Amino acid sequence: MMTLKDILYGVSLSAVSGSTSIMVDNICFDSRKVGMDDVFVAIKGVVADGHEFIDKAIASGAKSIVCEELPKQLVNEITYVEVDNGNKALAIMASNFYGNPSKNLRLVGVTGTNGKTTVSSLLYQLFKKAGFKVGLISTIRIMVDNKEYVTTHTTPDALTINKYLQLMNDAGVEYCFMEVSSHGIHQKRTEGLVFEGAIFTNLSHDHLDYHKTFAEYRDTKKMLFDRLPKKAFALTNIDDKNGLVMLQNTEARKYTYALKSYANYRAQILENQFNGQLLKIDDNEVWSKLIGDFNAYNMLAIYATADLLGLEKLEILRLLSELENVEGRFQYYISKESITAIVDYAHTPDALKNVLDTIGTLRTGNENVITVVGCGGDRDKSKRPVMGHIASSLSNKVIFTSDNPRSESPTVIIEEMEAGVEPQNANKTLSIVNRKQAIKTACQLAAAKDIILIAGKGHETYQETNGVREDFDDFKMVKELLASVKK
């Protein structure tokens, strides 16, 4: 237990009613989880407003309330603390409660539209191979050295982040690599964390259902760099037109990487094959098992970060050559009939184009590229026709299907994707709402040497429809279907 006063250290307070010397057992922002002697933080969320559940929290045993608006009627013997921003207060309180664990780690944040999972996961992999105890907070999993935990958000809530960072402290972890989403930054989940560095991968069309404008989306990403301390490093992809924007106001040490521009760290693609690519980094050649331009950028970002964290350059290159592809990121399987199936998380226009362009550079031209793709429900609708346009322009055959339709009609989502298909590409497209049937049809259409791309879900092992999640694994399914389809 800690005193409320210690938990509130560093939080900007507007008003206090009651004693802050009381002991607090836990911090909660979900009234359903409040226990005796907890402090309840009322958060104004997208779906619900925690202020409406203050009475319920008190009834469940909360002895202190942190909120943006004090209730009209205050309960005796309850301490009320008014703050400007509940999310920011929660993050700072969480950090204090768990002993400010980020200060004891070399924490690096990775942000951008695409590449966050690959860069953070492979940095974890590389530093593990280098012999360090390492932590990872990513879309796919949370790792505390060798122990794996399930994750549900790209950037977890502030309490969860600090809980796992404390576990990393207890396990003697030295480095931690963390995906930082725009949602996480906007909702102040990373406030109170001490970053040793931040990496910007790229920026393209995504999450405009949440941020409303591209400028707001960009500027939210930039906030991670704006808050870096002077001793930290800020590493940015200067080939992206928004790369320099990230560095505009940061006090951190500034570094750039690029394939096309002059930068602190540069790479060149010498060869590109299905089983990997040959890169030239800092005048040294290195073979990578990851293919495509987008992965060349990822590998360069990893190399630069490892260098900035003090690893020896030739050792970094050796370790780069050993890195394995991340689950659901250009994960491929070749059947007995020589049909190649690729599963990729590409769920944005830019990511989908990158994957299809990469396939285009690897094919001889005689194979057909059959793409299975959908768009998520209750998410940015403006990208749907763009995704439809890209898929139909760069594939020989496209099957539009469901991809976590959530509360929306799968048929309507598909129709919005079809709206982006140009007339000359209309005869390339099919629409099959059932995702399993769509993948099965792709397998039936494919002949020897053809390439099937199943885009959008990547590592996900579920399909979400009307609040229900059913088991669904694209990679497992396509392997089984290719094995069962008779040619």
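Predicted model: local features only at pLDDT ≥ 70, side-chain atom pairs only at ≥ 80, totals over all residues.
**Entry 1: strands around S17**
Two strands pair if DSSP finds at least two bridges between them.

I began with strand S17, which covers residues 276-281. Is S17 mostly covered or mostly open? I found it mostly covered, with five of its six residues buried.

Next I looked up its partners. Strand S16, residues 265-273, runs antiparallel to S17, and six bridges join the two. Across this pairing I see Ile269 opposite Leu279 of S17. The link from S16 to S17 is a hairpin that passes through two residues.

On to strand S18, residues 284-288: this strand is also antiparallel to S17, joined to it by five bridges. Here Gln277 faces Ser288 of S18. The hairpin of S17 and S18 has two residues between the strands, and in it Asp282 takes a positive phi near 50°.

**Entry 2: a record to compare**
I checked UniProt, where an unreviewed entry lists residues 25-98 as "domain: Mur ligase N-terminal catalytic". In the model, I read 24% helix and 19% strand over residues 25-98.

**Entry 3: aromatic rings**
How many aromatic pairs does the structure hold? I noted nine. One of them is Phe127 with Phe177: the ring centres are 5.1 Å apart and the planes are at 50°, so I call the pair tilted. Phe127 belongs to helix H4 (residues 116-129) and Phe177 to strand S12 (residues 175-179), so their contact ties together parts 50 residues apart in sequence. Both Phe127 and Phe177 are buried.

I then turned to Phe132 and Tyr175, an edge-to-face pair with 5.0 Å from centre to centre and 80° between the planes. Why does this pair tie together parts that are 43 residues apart in sequence? Because Phe132 lies in the loop between H4 and strand S9 (134-137), while Tyr175 lies in strand S12.

Phe132 has 26% relative accessibility and counts as partly exposed, whereas Tyr175, at 3%, counts as buried; the cut-off for buried is under 20%. Put together, ring pairs link Phe127, Phe132, Tyr175 and Phe177 into a cluster.

**Entry 4: charges over a ring**
Last stop for today: Tyr462. The charged end of Lys457 sits over the ring of Tyr462, 5.1 Å from its centre. I also found Arg469 over the face of Tyr462, at 3.8 Å from the ring centre.

Methods
Residues numbered from 1 in each chain as written. Heavy atoms only, no water. Buried < 20%, exposed > 50% of the residue type's maximum accessible area, 1.4 Å probe, protein only. Helix = DSSP H or I, 4+ residues; strand = E, 2+ residues; numbered from the N terminus. UniProt positions renumbered as here; feature names shortened; annotations may be inferred. Phe/Tyr/Trp six-rings, centres within 6.5 Å; stacked < 30°, edge-to-face > 60°. Lys NZ or Arg CZ within 6 Å of the ring centre and 35° of its normal.
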